[in-house]
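Reader: Could you take me through the side-chain contacts of this model? I will ask as we go.

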Amino acid sequence: MSVPSHQLPLHDADAARDADQALREHADLARHWHLADLFADDPERFQRLSLSACGLLADFSKQRLDPATLDKLRGLATARGLDAWMRCLFEGGEVNWTEGRAAMHWRLREPGRAEGEDDPVRDQLARMERMVTRILSGQWRGCEGDAITDVVNMGVGGSDLGPLMASVALHEHQPDRGKRPRLHFVSSMDGSQIAPLLDELNPATTLIVLSSKSFTTVDTLSNAATARYWLEQAFPDRNGAVLRCHFIGVSAMPERMSEWGIHDDNQLLFWEWVGGRYSLWSTIGLPIALTIGMEGFRELLTGAHDLDRHFREAPWEANLPVLMGLIDVWNLNYLDITARAVLPYDGRLKHWPAYVEQLEMESNGKSVDRGGELVDYHTCPVIWGEVGPNAQHAFYQLLHQGTQPVACEFIAAARHGRNGNSAELQPLEEQHTLTLANCLAQSRLLALGDRALEEGGDTPAYKRYRGNQPSTTLLMDELTPYHLGALVALYEHKVFVQAVLWGINPFDQWGVEMGKKIAKDMIRVLENGEGSDGLDASTRALAGYVRQQQT
């Protein structure tokens, strides 16, 4: 879709071509560099290529680049109009031009406006706080008067991955008062998650949260229908009370929540300008608030807001999201490294890789630029990951001795920050130190290869480590709501920087929407074969096999 030039900033095409050519010539030299030599040649390499902001330390010194590389990348960003696009983002411009929308997820974590000003974001947070207070204090009661002990969040994509990731990561941060309910997350539409879960729960003390921006998502509504049936069977004479006492809805479509049966008092809202994968800061974050309390949730927002300010105000040479975005572009488009492994060395961040996969690949997995033309370059690496200690026993063999270059991202907390008796927690602290030792050792070996080892003598080829695998290490001072908020916002803005350099829209997901439409059409084919004549031979045969097995 073409956008009028007066609505969105344009880049300098000639300057961009010159900057791109300079980077390609520079990359021809950089392909012959080895990280071990770069460290040997520059004792100040870490000081030159590391940066701190908002309680996060980013070490870029193990990337295959030098300060001149970053200068040239900043030149490309200037030519691509990054500064104007950043202003457009924070001024509420239609950066999501294919849908005619702003992308104002950053607005969700701004401090409240002056008293008396209309502030729907704060109004919804206040509404959510009242619900959280009732649930945590035991005052939210089921239809038979029992306090809620279990909350089931039903959502998919951004309505599931963000709240799930943050709730698990911050589980140790207890709210100040009340007893926290057990949280459960259901996203699979096939019933494999909800069926065994409902077998274990007490309907009298279970609260269902239906999270869907459109409130038409078939995955979520299928699970919701099952939960509703389960509750109505448990309380056959109290259908109205079941809906009033056991369901909360979170959506941008209040009328659809009402049609489904969600009581007005149990509705939380957010807005069209909040993309699903950017929505954990909104009322979609209800499960996070139930995990850490509203005070903790506001700390999460503060961490993200501080990172927003850093992104807006810091010069590019000291700007974390800008540097991360530029380095990813360098690896993908100039060093031809098409894969990136996300490796958290902290079990609390076990869902972080999946969250990053969605954030980056759904945002930047695009092949059409702002002018509606097909691009002739990569726009997003393939991203995968796992908690580091598990990954070491899974795919690190490929990283160390395989044939493909892979950029890596190590994430860890410098201190664990557990509360409690220090003597009781000493073994846990020792385990945290062991995990950090593995994190630093693995990044060192990936970078330096054999030269990180002290053994001498002849080494068989199958025991050699070539090294030179680039990586970034991100250390949080501690895994708190504040630091996690800053970390998530860092990745959000990094994705935006990449999208500007690639000339694409990171805020739509038309490929996802088309897949949903085709899936709906396929239901009739599976049920009775209607419409199968127009299918390809493979799909028609597979659908026929399914119907045969189901009869």
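**Contacts and burial**

Author: Both lysine 494 and aspartate 328 are buried, where buried means under 20% relative accessible area, exposed over 50%, and partly exposed in between (1.4 Å probe, protein chains only).
The model is predicted: local features need pLDDT of at least 70, side-chain atom pairs count only at pLDDT 80 or more, and totals for chains, interfaces and linings use all residues. Residues are numbered from 1 along each chain as its sequence is written, and side-chain values use heavy atoms, with hydrogens and water left out.

Reader: How far apart are the closest N and O atoms of lysine 494 and aspartate 328?

Author: They are 2.9 Å apart, and the two residues form a salt bridge. That term requires a side-chain nitrogen of Lys or Arg within 4 Å of a carboxyl oxygen of Asp or Glu. Lysine 494 belongs to helix α18 (residues 481-502) and aspartate 328 to helix α13, so the bridge ties together parts that are 166 residues apart in sequence. Helices (H or I, at least four residues) and strands (E, at least two) are DSSP runs, numbered from the N terminus.

Reader: And which residue forms a salt bridge with arginine 340?

Author: Its partner is glutamate 409, with the closest N and O atoms 3.1 Å apart. Arginine 340 lies in strand β8 (residues 339-344) and glutamate 409 in strand β10 (residues 407-415), so this pair ties together parts that are 69 residues apart in sequence. Arginine 340 has a relative accessible area of 2% and is buried; glutamate 409, at 2% relative accessibility, also counts as buried. Salt bridges that share partners join Asp328, Arg340, Glu360, Glu409 and Lys494 into one network.

Reader: How many salt bridges does a search of the whole structure find?

Author: The search finds 32. One of them links arginine 244 with aspartate 265, their closest N and O atoms being 3.2 Å apart. Arginine 244 is in helix α10 (residues 239-246) and aspartate 265 in the loop between α11 (254-260) and β7 (267-269), so the pair ties together parts that are 21 residues apart in sequence.

Reader: Changing topic to rings: how many aromatic pairs does the structure hold?

Author: There are 13 aromatic pairs. Rings of Phe, Tyr and Trp (its six-membered ring) pair if their centres lie within 6.5 Å; planes under 30 degrees apart count as stacked, over 60 as edge-to-face and the rest as tilted. Tryptophan 384 counts as partly exposed at 25% relative accessibility, whereas phenylalanine 395 counts as buried at 17%. Elsewhere, ring pairs link Phe90, Trp106 and Phe311 into a cluster.

Reader: Which ring does the charged end of arginine 228 sit over?

Author: That of tryptophan 260, 4.8 Å from its centre. Arginine 109 likewise lies over the face of tryptophan 281, at 4.6 Å from the ring centre. The criterion is NZ of Lys or CZ of Arg within 6 Å of the ring centre and within 35 degrees of the ring normal.

Reader: Finally, the backbone. What is the phi of phenylalanine 215?

Author: It is positive, about 55°, although the residue is not a glycine. Most residues other than glycine have a negative phi. Phenylalanine 215 is found in the loop between β5 (206-211) and α9 (218-234), and is buried, with a relative accessible area of 4%. Aspartate 336 also has a positive phi, near 60°; this residue is in the loop between α13 and β8 and is partly exposed, with a relative accessible area of 44%.
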